Structure formats: structure tokens, C-alpha cells
Amino acid sequence: MTSRSGDVVYNGNDTRVAPDIIFGADDETFQPLMDDSELSPCYYLRDWTVADPTRLLKLILLIRGLYLQYQRKKVEEVSDERVRFEMSTMAAIQGLEMCVTTISEGMEEVNFAFPLVLEMENPHSATNSQSSSITCSDISLQVKFPVRGGQSGGGAPQLKLVAPEGMRDVFDVDDVKLPVWPEHMCLVEYKPTLELTLQQQVREARASVRLRRNFVEALFPFFGHPLEVDTLYYRKASILTSFGVFTFLVHFVLPIQFPKIQPSFTFQSSQHFDARGKPLVSRLYQDYPWSPRWEASEMAQRIFDFVAEECLAFKRSCGDILSQR
């Protein structure tokens, strides 16, 4: 939801003892253990057993649910009219979470977070009877309304997209230019516009995976078969090649925005090593002829021609470095 979190602390001398769960100073009024019913965390802590591997997960999920309720009540107590209006319009949003964060004396932030629902093409629909589209909700939107003295003031709130770390190899939310927040627009009205923008960009990012694969495969007839390839997202490839008697590795890195942004690559000599026994490596190459409109075969041909000339300069520089030792 936000950066708010609690710590689970085990007894280092005896892990059979039930853990402590500690929240920060802003959450001193959050007292989930005051209730000793079977629906409270006390039920799990009182009969704690390490023999049940699901016990900790159940405890954390229960406390998390209680904490979300606690934070919702805190948000409902905020007197700012704009925050109250936003809350009244978001009741139907699935997965909505909220909290209040103290920034400084007299300054707070009301935070809302919810997953964005994107319609994507189903990659398996062509081979079975499944629907041609699927929904993706991996990307969430965090919205912050600064509140000073009980009033949020005018203007657009602070917006931030959040996605799992593993998604960055396909689509980096930090590269997304968020749609402009029109004056007098509420969050519920802004959400569909943002989802349409993201939907198109995620589709383009997924299509880029196929284009990167085509490009990597187009390199093989020129450079030879690779030593290593990222066969999931095709972001990296390393190929052992040779020109004359000089044998070296070419390490390719393909950006998410391929082919709009061209790949970069470095050379690594298999014949020249520094004093510590490490192979000599070239500079990063990004200054070669390129057009995103070329076919993959022409992209590979242009890079091959560039490498054929540049590798000779790299070989000479390796020799110069060794001669100076």
C-alpha cells in the first residue's frame, strides 16, 4: 500500500516463542491485541506452534486486515472536504487501500492506493478456447494528498505508479509519462484515462519482447551462435565471435524501448588480460548506424559491419595496454 510497515521480531534464543509484531510511533493507537476473541491475533499468539508453517502467514494477514481498517477510520476522520469527497467516490474501486502519514508538525499526507485494471491480449487464446483477452492488475497507483492544518488545498495530488520489481524487465513504470490531471477532476474520473494510457504502453512493451527476440536471432547468421541469451525477455545476449585471428565476446543489452532505442554492446577480449587476470573490456558502443524502421536482418548486418571495423581498434588498444605494463 505505502511505505508503512511493521516488524516481526522473533526471540533469538528460542524461536518456539511467539514473535512480537511492532509498529511505528505513528500507530500507537493501533492495538489489535486488545480483542481476545477467536477472530483476533491473540488467538494465534496464544496457541503459537512452530509445527504449523502457515501460522505466521495467517497472523500477518489478519493483522494487515485490521490495520487497513484502522487506517481507513483515520482517513475518515480527516476534516478536509476534498479528501472526504474523493473517499465518497471511490467506494466501488476494488483493492482500495488508504492511510494517513504524519510528515511534520501540522503536516500530514492522505494516501490512497489501488491496482489499475488493464485489458491485455491472451497469449494462449490462439491454441485453446480461452478468451482473447485477460486482465492485468500488477500495476498500482499511489495518490498523495498533502494536508496542512486540516486542509489539502487545490491543485493535483502527487501520483506514483508502482509495479513488482520483476516487471521492470518488460515494462518500467518510471518511464511512463502520466496524463495531465485536469482541473476539477477527481480520482475516479482520472483512473480510466490512466488505464487506457498504460494499456497501450504495456501492449507496446510486450510487443517489444517479440521484436527483441527477432533481432537477437538475426544476429546469429552474422556473429555465430550465442554463449548466453536471456530467453525470457531477450534483454541480453553474449556471442563469441572472431575476425581474423582475434577472438572476442560481444555483450548486447537491449532496452525495453527497443527498437525506438537501439541496443548497446561492449567487446570483451578472450586473448588479452589485465594484471589481475581479468579480460580487457571495451567502451560501451551506442554510436553506430541505426533505424527502428529497418528489418531485423538489416539491423544485424549494420552492427556486424560496424563491429568488423571497431574490433580492430579494440584489439590495438588491448595491445597498447599490455605493452605499457
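Y10 sits in the loop that links β1 (7-9) to β2 (20-22); helices (H or I, at least four residues) and strands (E, at least two) are DSSP runs here, numbered from the N terminus. The model is a predicted one, so to speak of local features takes pLDDT of at least 70, side-chain atom pairs count only at pLDDT 80 or more, and totals for chains, interfaces and linings use all residues. Residues are numbered from 1 along each chain as its sequence is written, and side-chain values use heavy atoms, with hydrogens and water left out.

Because its relative accessibility is 37%, Y10 counts as partly exposed; buried means under 20% relative accessible area, exposed over 50%, and partly exposed in between (1.4 Å probe, protein chains only).

Now for the sheets. One is open, with 4 strands in the order β3-β4-β7-β8 and antiparallel pairing. Its edges are β3 (97-104) and β8 (158-162), each pairing on one side only. Neighbouring strands are turned by 25° against each other on average, direction ignored. Two strands pair if DSSP finds at least two bridges between them. K144 stands opposite Q158 in β8. Helix α2 (residues 55-76) lies across β3 and β4 (107-115), at about 65° to β3. Contact means heavy atoms within 4.5 Å, while axes are lines fitted to C-alpha atoms, for helices over the stretch in contact, with angles from 0 to 180 degrees between N-to-C directions.

The other open sheet has 5 strands in the order β9-β10-β11-β12-β13, again with antiparallel pairing. β9 and β13 are the edge strands, each pairing on one side only. Here, too, neighbours are turned by 25° on average, direction ignored. Helix α5 (residues 296-323) packs on this sheet and touches β10, β11, β12 and β13, its direction making about 40° with that of β12. Helix α4 (residues 187-223) lies across β9, β10 and β11, at about 15° to β10.

| Pair | Bridges |
|---|---|
| β7 (residues 140-148) and β8 | 5 bridges |
| β11 (residues 246-253) and β12 | 6 bridges |
| β12 and β13 (residues 279-281) | 2 bridges |

Strand β12 (residues 264-273) is mostly covered, with 7 of its 10 residues buried. In β12, F265 stands opposite F252, and F273 faces P279 in β13. The β12-β13 hairpin has 5 residues between the strands, and G277 takes a positive phi near 85° there.

Which backbone values stand out in the loops? Most residues other than glycine have a negative phi, and most peptide bonds are trans. Y234 has a positive phi near 55° without being a glycine. Y234 lies in the loop between β9 (226-229) and β10 (236-243) and counts as buried because its relative accessibility is 11%. F258 and P259 are joined by a cis peptide bond, with omega about 5°; P259 belongs to the loop between β11 and β12.
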